[in-house]
Amino acid sequence: LERRAVTDRFQTDNDFQGGEIGFHWQAQRHVWTFDLLGRVAVGNVHQLVDIAGQTVVTDASGTETLADGGMFAQRTNSGQHERDALGLIPQAQATVGVFLTPHLRATLGYSLIYWNNVVRPTEHIDSDLNPLLLPPETVPFSGAERPAFAFDQQDFWAQGFHAGVDYRW
């Protein structure tokens with residue numbers, strides 16, 4: 001009885017370097033306060049996609065053989081893939097507050113962040129496989145070199161609600 005332990009690892013990193021510009025507006029009317037924040041960052045996104053896999057085959061006698069490549073991470077797409085892309089990260093935030101006492105204020109707000117041109121691990125898993133490439137690879141090899149690697153970037157959205165209490169003296 002032969003056993004296989006297959007490991008695939010898909011890892012990404014997005015490193016943003018740039019500058020930002022924005023505004024912050026505050027107003028107070030009686031006990032109510034209003035805050036608006038808007039900013040945008042523009043710069044370079046260094047994208048890194050790291051793909052690796054391995055297969056351990058254990059035969060009936062218990063002998064283990066280690067092979068490079070897993071199910072979806074094979075020699076045709078494995079390795080570190082890097083590139084640079086233009087990044088744009090706008091952010092908006094709105095907060096409403098109310099003074100409960102002259103020194104104690106409660107706040108409630110919403111924020112939204114958008115980031116274009118990011119790489120994510122799941123977007124780089126190519127499920128179109130050539131079974132002859134599964135470790136240990138069939139020699140001589142024939143057919144399509146699948147899975148293949150292609151940079152696939154997407155947009156990232158993050159939103160959140162925040163609540164707080166602050167005391168001013």
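A: Let us begin with the salt bridges, of which the structure holds 10; a salt bridge is a side-chain nitrogen of Lys or Arg within 4 Å of a carboxyl oxygen of Asp or Glu. This is a predicted model, in which local features need pLDDT of at least 70 and side-chain atom pairs count only at pLDDT 80 or more, while totals for chains, interfaces and linings use all residues. Residues are numbered from 1 along each chain as its sequence is written, and side-chain values use heavy atoms, with hydrogens and water left out.

Q: With which residue does Arg-75 form a salt bridge whose closest N and O atoms are 2.9 Å apart?

A: That partner is Glu-137. Arg-75 lies in the loop between β3 (64–68) and β4 (79–99), and Glu-137 in the loop between β5 (104–119) and β6 (153–167), so the pair ties together parts that are 62 residues apart in sequence. Strands (E, at least two residues) are DSSP runs, numbered from the N terminus. Arg-75 also forms a salt bridge with Glu-145, where the closest N and O atoms are 3.7 Å apart. This second pair links distant parts of the chain, since Glu-145 is in the loop between β5 and β6, 70 residues from Arg-75.

Q: How is the exposure of Arg-75, Glu-137 and Glu-145 to be described?

A: Buried means under 20% relative accessible area, exposed over 50%, and partly exposed in between (1.4 Å probe, protein chains only). Arg-75 has a relative accessible area of 47%, so this residue is partly exposed. Glu-137, at 29%, is partly exposed, and Glu-145, at 46%, is likewise partly exposed.

Q: Which residues are linked in a network of salt bridges?

A: The network joins Asp-35, Arg-105, Asp-166 and Arg-168. Within it, Arg-168 forms a salt bridge with Asp-166, the closest N and O atoms being 3.3 Å apart. Arg-168 is partly exposed, with a relative accessible area of 41%; Asp-166 is partly exposed at 21%.

Q: Which residues form a nonpolar patch on the surface?

A: Patches are made of residues with over 30% relative accessible area and no salt bridge; like charges are joined within 9 Å, and nonpolar side chains (Val, Leu, Ile, Met, Phe, Trp, Tyr) within 5 Å. Here the nonpolar patch consists of Phe-23, Trp-25, Val-31, Trp-32, Phe-34, Leu-36 and Val-96, with about 650 Å² of accessible area together. Such areas come from the Shrake-Rupley method with a 1.4 Å probe; for residues, only the protein chains shown count as cover. Strands β1 and β2 (32–58) each supply at least two residues of the patch, and β2 gives the largest share, 3 residues. Phe-23 lies in strand β1.

Q: Is Thr-58 buried or exposed?

A: Thr-58, in strand β2, has a relative accessible area of 9%, so this residue is buried. Contact means heavy atoms within 4.5 Å. Not counting residues up to four places away in sequence, Thr-58 touches Leu-1, Glu-2, Arg-3, Thr-63 and Glu-64.

Q: Where is Ala-27 placed, and what does Ala-27 contact?

A: Ala-27 is in strand β1 (residues 3–29). Leaving aside neighbours within four places in sequence, Ala-27 is in contact with Trp-32, Thr-33 and Phe-34. Ala-27 is partly exposed, with a relative accessible area of 25%.

Note on methods: Helices (H or I, at least four residues) and strands (E, at least two) are DSSP runs, numbered from the N terminus.
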